[in-house]
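Dear colleague,

I am passing on the structure we spoke about, and below it you will find a short account of what came out of looking through it. Please read the account with the structure open beside you.

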Amino acid sequence: MVDYTYTLLIPLIPFVFFILIGLSGHKMKPIVSGLIGTAGLGIAAILSYITAIRYFWTDHLAESGYKSIKAFEITWLHLTDKLTINIGALIDPISVMMLIVITTVSLMVHIYSLGYMKGERGYHRFFAFLSLFSFSMLGLVLATNIFQMYIFWELVGVSSFLLIGFYYEKPSAVAASKKAFIVTRFADLGFLIGILILSFNTGTFDFQLLTSPTGPAITMPGGAAFMGMSVLTWSMIFIFMGGAGKSAMFPLHIWLPDAMEGPTPVSALIHAATMVVAGVYLVARLFPVYALGAPDALTVVAWVGGISSLFAAIIACTQTDIKRVLAYSTMSQIGYMMLALGVSGYGGENGLGFMASNFHLFTHAMFKALLFLGAGAIIHAVHSNDMKDMGGLRKYLPITHATFLIACITIAGIPPLAGFWSKDEIMVAAWHHNKILFSIEYLVAGLTAFYMFRLYFSIFWGKATHYHHTPHEAPYVMTIPLMVLAFGAVFAGFLPFHALVTSDGMPFESHLDYSIAIPSVLIALLGIGLATAMYRKSNGLPDKLAGIWGISYKWAYHKFYMDEVYLFVTKKIIFGYISVPVAWFDRHIVDGFMNLIARTVQNTSNLIKNFQSGRLQQYGYVFVTGALALVLIFVYLWN
Amino acid sequence: MSIYDFMTMRHELILVCLVLLVLIIDLNLKKSQKHRIIPIAISLFFIHTVIGFLPAQTGELFGGMYKTTGLTILMKNILNVGVLIILFQSTTWLKKEENGEKISEFYILLLSTLVGMNFMISSGDFLMLYLGLELATIPMAALAAYTHHQSRSAEAGIKLILSSALSSGILLFGLSLIYGSTGSIYFDTVGALYSNAPMQVLAFIFFFTGMAFKISLVPFHLWTADVYEGSPVNVTSYFSVISKGASAFILIMVMYTVFHSIAYLWKDIVYLVAVLTMTIGNLFALRQKNMKRFLAFSSIAQAGFILLGIIGGNKIGMTATVYFVLVYIFSNLGAFGVISAISAKTGKESMDDYDGLYATNPKLTLLMMLSVFSLAGIPPVAGFFGKFFLFTSAASGGYYWLVFIAVLNATISLYYYLLVVKAMFINKNDTPIAFFKSDIMTRIGLFVCALGIFVIGFWSQVYEFIDKLTFAIIN
Amino acid sequence: MTGSIPLQYFLVISTLMFFTGIYGFLTRKNLITMLMSIELILNAVNINFVAFNRYLYPQNLQGHFFTLIIIAIAAAEAAVAIAIIINIYRNFRSIDVDNVDEMKF
Amino acid sequence: MNILSLFILIPLLTIIAILFTGNMKQTRVVSAIGMGIQLLMSALLIYLYLTERNAGNTAAMLFYYDAVWFPTLNIHYTIGVDGISVAMIGLTSIVVFAGIFASWMVDYLYREFFISLILLASGVFGFFISLDLFTMFLFYELAVIPMYLLIGLWGSGPKEYSAMKLTLMLMAGSALLFVAILGIYFYSAPSGSQLTFNLLEIAKNKIPIEMQRFLFPFTFIGFGVLGALFPFHTWSPDGHASAPTAVSMLHAGVLMKLGGYGVFRVAIYLMPEAAHEQAWIFLIMTGVSVVYGAFGAVVQKDLKYINAYSSVSHCGLVLFAILMMNQTAMNGAVIQMISHGLMTALFFALIGMIYGRTHTRLINEMGGLMKVLPFLGVVYVIAGLASLGLPGLSGFVAEMTIFVGSFQHTDTFHRVLTIVACSSIVITAVYILRVVGTLLFGPIKNDHFLHLKDAMWFERLSTLTLLIAIAAIGMAPLWLSNMINFSLGPIVEKINGVATVAGLF
C-alpha cells in the first residue's frame, strides 16, 4: 500500500492560511494577504498534481483497477457504540479528479482576483474567505465518511454564504446570501435525515463500507418501507435532496441566479466550477449504492437532472444579465451530469454514464470558470452586467474575446474541443438507457449552443455601443488565468477518462458513436446559426420572435415565477401563517394565562376584604359561625 | 413537699419577683426620673434570662397541675430571649415624652403576661391552662391600649379584650363539657378517658376554637390585624411572636397528649383550617400598606404554616414546630425591630415611606431584607430551614397536597415580601426617611436578630437539641 | 334530697344562658351590655362546672374550684374591659360598638 | 479540604473581599480576580478529574466528601462530581468570568451588583457539586433569588414587572420541586431503615411505582420551569429582556441549565420507571417547545427577545434529548447544555455591548453595524453560526449527537418527533440570518452610528473567552464527549435496566 498521508496537507494549508489572513489580514498590506492566499493555494495545487500523477500513473495501481485508499483517519466524535464520526482523507479516482479541478480553478481564481479585487474594501477578507472555501471544498472531496462530508458540506455552504454577501452593504447581496444559505440549508435537512436513516440501518458512515457491493448498505434487505420503496431507496433519495440543493437542481435552484450578486471570481469558483458540482460528486461518491441498492432513487436523479437542464436552458435563452445567463447554463450543465449519473449502470461498459458525468464535470469546470472569469473581465471593463449595455467589444478586449469564444464553442459541444467529448459520452449513455431523456438532451444541446452564442454575439458584436470611457483590456494578472483555462478547455477532452475514472475502477474501452455524435453536432451548429442570424448584427428579429412566443417567452423571462412561489411559501405561509400567530399566541395566550393567575389572586384579595370590616360584632359573628361550621364538619365526619 | 420543689417553677417565681421589684422601684422614682427604670428593668430581665439557662430540675407540682420538662424550660427560655430582644428594641420608643410616666407599666404588664404564658406552657391541667391563658391575655389588652390618647390604641384594646373574652367563654364551655364527660381536668386522665363521643368532640371543638383565637387561625383571626395595627409597635411584635409562640406550643402539646385518641378527627380539621389560614392570610397581606397590618396578616399566614407541624402528629412535627417558633421569633422581631426603630424616630409606618430606604439607612434595610427573606423561607437564612422541617413533618404524614398548597402560599407570600424589598431597594423616592441612629440598646436588639437569623439555620445543633427534648415528650 | 332536680335541667339552663350570652354579644350595640353578655356566658360555664361536679363527681372538687377561679378572673376581665371602655369614651365620645371601626380591611 | 468545597468558598471569600473595597475600580478588579481563580480552579478540576479517571478510578463520583449536617433527618453535606458535573462547573466558571468583564462598566451600586452576581454564581456551583437533595435544593433557591434584585435594580424596561414575574414563576416551579423532594425522601429507603437525601443512596432503592407516577411530573415540571419548558417559559423573554447584560448571560447561560441538569439527575435518575411511562407526554411538550421557540423567534423585533425564544428552542432540545433516555441522546443533551450556555451567554454579552452603544435593541432600527463595529460584528456572526449549528463550533456537535441518539428509537412516535426537532435547524437558520442580515449588514440606518467605538479590551476579553470555548468544543469534542459518556454509562444502564413499564409507545 502506498502512503498518501501528506494529502492531509492539501486542505490544511488553505485552512492555516485562512486563520492567518483572517486574524492578521487587516494589519498587512492588502496585496500581501492576497499573495499569501494565492501561495497557499499554489502549494495545495502542486500537492494535488503530485497526488494525481502518483495515483493514476507512477504508483501502478491501474493493474487491479483503481482502489480507494484511506490515506489518513482519526476519530473526531464518538456517537454510539457503532457510529463514530471520523475525519480523514480518502484517495480514489473521483476524489483525485476533484482535487485537480478544485485546486486548478481555485488557483486561477486567486490569481485573477489579485487584479480583479484591487482597491476593494476588505481585500484580505476576500482572500481569507477564498481560503476558507478551498479548505472546506477540499475537505469535502477527501471525506472518508458521509458525516465528514456533511460537516464540510455545511462549511462550504457557509463560505459560499459569506462570499455571496461579500458586499454586505448592498441589500441585494445580503438578501441573496441569505436565500442561498437557507435554501441549501433546507436541502441539507434532507441530507441529514438521509444520513440518519442510512447510518441507523447500516451502522456505519464509512464510504468504503457503504459502497462495497458486499457492504451493509447494498446488501440491506429491500422490501417496501414506504410508498413501495425500500428504506435504502428513501434514504438515498433524501441524501440526493441535499445534493440537489447544493447543485441547484430544479426545484431547489432558485438561489443560484441570485448568488451572482457575489464578486465574479467567486461565481466562477463556487457557483460554476466547484461547490455546485458537490451534489454530483455526492451521488458519484455513493454511486454503487444508488446503482446496485436503490435503482429507483437513481431514476429520480436522472429525471431531476433532465428536467433541470431543459428548464434552465429555456430560461437562459431569455435572460439579459450575462452572469445570470451563465448561472442558468451552469444549472443546465449540472443537469447533464446528474442525468448522466442517473442513466448509468455499475461496472465496466455500463458505467459509461458515470464516467461521462465525471468527464463532463471536469471539462465543464474548465470552460465555465473561463466563461465567468471572462464575464468578470468584461464587467470590469464596462461596469455593467447587462448585455444591453454591451456590444462590439471584440476590438477593445482581444484576449477576453478570444478566450470567451473558445469557451462558447466548447460548451456548444463542437469537436474537437473538450465539451464535445464529454457531452457525447453522456448522449451515448442516455441513448442506451432512456430515449425520452436522450431527446431532451438533444434539445438542450441545441438551446445551449443558441443562448451561448446569443450571449457571445450581443457582447462582442452587434451595435458598437459608445462607452463614456473606452473599455480596455484587463491586466495580465487577469488575462493569464483566462488563457490557462482556455488551454484546459481545448485539450481537457483528450484525457483518457474511461481508463481512469470509472464506476468500479476498472478501465474500459469507449469509442465515438458517430450515429449520435454527428446529429448532436449538427443541432449545436443549428443553434449557433440561429444565434448568429439573430444577434450577429442588431436587428428586430429577437423582439419579433419574443412576440411570437408571447406568453411562454414572458414565463421563461420571469423564470417561470419560481421565485414568486418561494416568496409566497416563505413570506406568507411560514412567516405570516405560522410565526406571527405563534408569537401572538405566546404573548397573549400562554403569557396571558400566567398574568391572569396573578390578577385573579389580586382580585380575590380585593373581593374578600369586607370580611375585615372593623366591626367587632361582625368578628363575633364570623367567630361563632366558624365554630359552628367546624362542629358541622366534625359531626359529619364523625358519622 | 419541700420548699425546694418550688424550684421547679423557678422561671415563674423569679418573674413574679421581678414584676414586684420593678413596681417598687418605680414607686421610689421621681416623675422626672421615670426613664431610669429602663436600664434597671432590662438588666433585671437579662439576669432572669441568663438564670433561665442554668440547669433546672424537672418534675411536677400540685399533683400534676404544673409540669416542668426539658421542653417547657427550653420554650420558656426561647420566649425569654424573645422578650429580651423586644425590651431592647423598645427603649427608643419608651424614652419618648408621651410615655414619661408610665414606662414601668409597660414592663409590669408585659412581664406579667409573660408569667401567664410560662404557667400556660407548663400547665398540666386545664385549670392551669386557663389561668395562664387569661393572665397572658388581660394585661395584654391593657398593653394594646397603652397609648391611651390615641383612639386607635383604645380601639385595639377593646377589640382584643372583648373578642378574647368571647373566645375564652367558648373555650370554657368546652372545658366544662370535657369535665362533665371525663370527670377530670388533668391532661393525663382526660387523655386516657377521651373518646369520640359527640359531647367530647363538641367540647374539643370549643377548646380548639379558643386556642385558634389565640394563635389567630382563620376564621378566628379577625381581631388580629386591627389589634396589631392599633397597638404600639413593640407591643405588636410581642403579640405576634411571644404570645403566638406560647399558644402554638401549648396547643400542640395538648393536641398530641390529650386529644391524640381522636387525632384522626382533628387532623382533618387542622388540614382545613391550615389551608384557610394560609390562603386568607396571604390574600389579605397582599393589599396592605401599613407595615404593622401587613406583618399582622403575614403572621396569620405563618400560623397556618405552624399547623403543618401540628398535623404531622409525630416527633418531627413537635420538633419542627418549636424550631419554627424559634426561627420565627428572630425573623419577625427583626422585621418589627426595624419598623419600631423607624416609627419611634419618624412615626412613619406606611410601606410607601420605606421607598428608597436603602440609600439612607442601608443597615436597617439589609436587616429588613434578611427578615422578610427568612419569613418567606428563602435560603440561606434560618426561615428556609424552619419551613423545610415543618413541611417535612407534614409530608411524613403523607399530606403531600397540603405541602404543595403550603409551598404555593409561600410563593404568594414571597410576592408581598418582595414588595417590601422592592420598596426599600428599587422604588425611587424624593424624600426618603433621613439617616438616623437608634440608641445603643435598640441596635443591640436588632443585631441579635440578624445574628439569630443567620446562625440558627446553619447551626444544626439547635435543631438537634430541640429534637432530643421532644423525644422525651413523644415517643 | 339530691337529685330532686335532675342534672339535665341545669344543663338546659346553662346552655340557654350560654347562647343568650352569645346572642347578646352579637346584637347589643352598647359595649357595657356586651360585657354583661360575656358575664352570662361565663356564668353558664360556672353552672355547668358546679352541676357536673355536684351530680357526677361528688368525690372531687375540681369543678368548684374552677368556678371560683372563673369568677375571679371574670372580675379582673371586667375591670380591665371597663377601664378600656372609659378610654374609648374619651376618644370616641360614645360607647356604641359600631363607632369603633377606625381600622378595617 | 476537599477541592470541591473551594468552589463555594472562593465566591464567598470574593464577596467578603468586595465588602472591603473602596471604589468601583477595586471592586471589579477583586471580583475579576476571584472569578479568575475560580476559572483556573475549574480547569484544574477537569485536569485532576481526567487524571483520576485515567488512573482507573471508576467510582461514580470523584472527590466524594460527606459530612453529617442534621443527623435526625439524616441531612448531609455531600459533594462529589462525575463527568457531567465537571463539565457544567467548567461552563459555569467560564460564563461567570465572562460575565464579570461584560459588566465591567456597571457604576450604580456596583458593590451590591457584583456581590449578588457572585452570590448567584456560588449558588450554581453549589448546586452542581452537591449530591444531597436538601443542599441541592438549598443552592437551587439560593441561585434563583438574587435574580430579583439584579433585574429589579440594574435592569431596563419594565424591570420590576419582569423581575417579579421571573422570581415568582421560578419559585412556583421550586414549589413543585419541594413536594417532589419530600416525597422522594420519604420513599428513599425501604420502610424501617434510615431515610436519606443522598442521591446515590436513593438510586440504590426503588421508589414504589405509584409514588413515582405521582412525583415524576412534579420533579420534571419543577425543574422544567427553569429549563424554559413550554408552556412555563414565559418568564424567560421578559426576564431576559429586562435583565442587565451579565445577568442575562448567567441566567440563560447557566441557570437555565440547572433545569436540564436537575431533570436528568433527579427526575430521570431516581424515577426511571415513571420516566419511561410518562416520557411521551413530556416528549411532546419539549418537542413542541423546540419548534415553537424557533418559530416564535422568527418574528421578534427585540434582540433579547429573539435570543430568549431561541433559548426556549435550544433548552427544549436539551430536555427532549434527555427524555430520549439513551446514552447518545443524553450525551448530546449535556453537550447541548454546555454549548447553548456558551453561545447564549456570548449572544447576550454582544447584545448588551451593542445596546450600550446604539441604545436600542430593535433590529429594524439598526443596520450596517458590521462597518462601524467590525469586532463585535464578526463575533456576532460567529455566535450566530454556532447557534445555527455550523460544524467546527459547539452547536453542531451537540445537535448531531442528539439527533443521532434520538434516531436510535425505532418506533414511529420517536422518529416523527426527531424529524420535527431536526427541522428546527432550518428555522434557526432563518431567524439567525434575519438578525445578522438586518443588524450587521446592509446600509447604516442611523447617522450617529457612524462614530461608534468598537469593543473595549474588557469586552474583547469577555467575548473571546466564550468564543474560544465554543470553537474548542466545536473542533475537538472528543475528550468532552468521552468524559461525559463515561459517567453516563452506569446511569443509562440504571435507567434502562429497569423492567420497562409499557408506556404509551
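What share of the 505 residues in chain D is made up of buried residues? Please keep in mind that this is a predicted model, and that within it buried residues make up 66% of chain D.

Chain D is built from 20 helices and two strands, and its C-alpha trace spans about 75 × 55 × 45 Å along the principal axes. Its radius of gyration is 22 Å, which agrees with the value near 23 Å that a compact globule of 505 residues would have. Of the contacts in chain D between residues at least 6 apart in sequence, 80% join residues that are at least 24 apart.

Chain D also touches chain B, in a contact that takes 25 residues from chain D and 24 residues from chain B. On the side of chain D, the elements giving two or more residues are strand E1 (62-70), helix H5 (133-144), helix H6 (146-154) and helix H7 (159-186), and H7(D) gives the most, with twelve residues. By class, this side of chain D has 19 nonpolar, four polar and two charged residues.

In chain A, the axes of helix H16 (residues 398-412) and helix H18 (residues 435-460) come within 9 Å and cross at roughly 165°. Because angles over 145 degrees count as roughly antiparallel, H16(A) is roughly antiparallel to H18(A), and their crossing is left-handed. The contact of these two helices has ten nonpolar, two polar and no charged residues; among them are A:Phe404 and A:Leu405 in H16(A), and A:Met452 and A:Phe453 in H18(A).

With best wishes

Notes: Residues numbered from 1 in each chain as written. Chains lettered and ligands numbered in written order. Predicted model: local features only at pLDDT ≥ 70, side-chain atom pairs only at ≥ 80, totals over all residues. Axes fitted to C-alpha atoms, helices over the stretch in contact; angles between N-to-C directions. Helix = DSSP H or I, 4+ residues; strand = E, 2+ residues; numbered from the N terminus. Parallel < 35°, antiparallel > 145°, perpendicular 65-115°, else oblique. Left-handed = near helix turned anticlockwise from the far one by under 90°. Contact = placed C-beta atoms within 7 Å. Nonpolar A, V, L, I, M, F, W, Y, C, P; charged D, E, K, R; others polar. Rg over C-alpha atoms; globule rule 2.2 N^0.38 Å. Buried ≥ 20, exposed ≤ 12 C-beta atoms within 10 Å, placed from the backbone.
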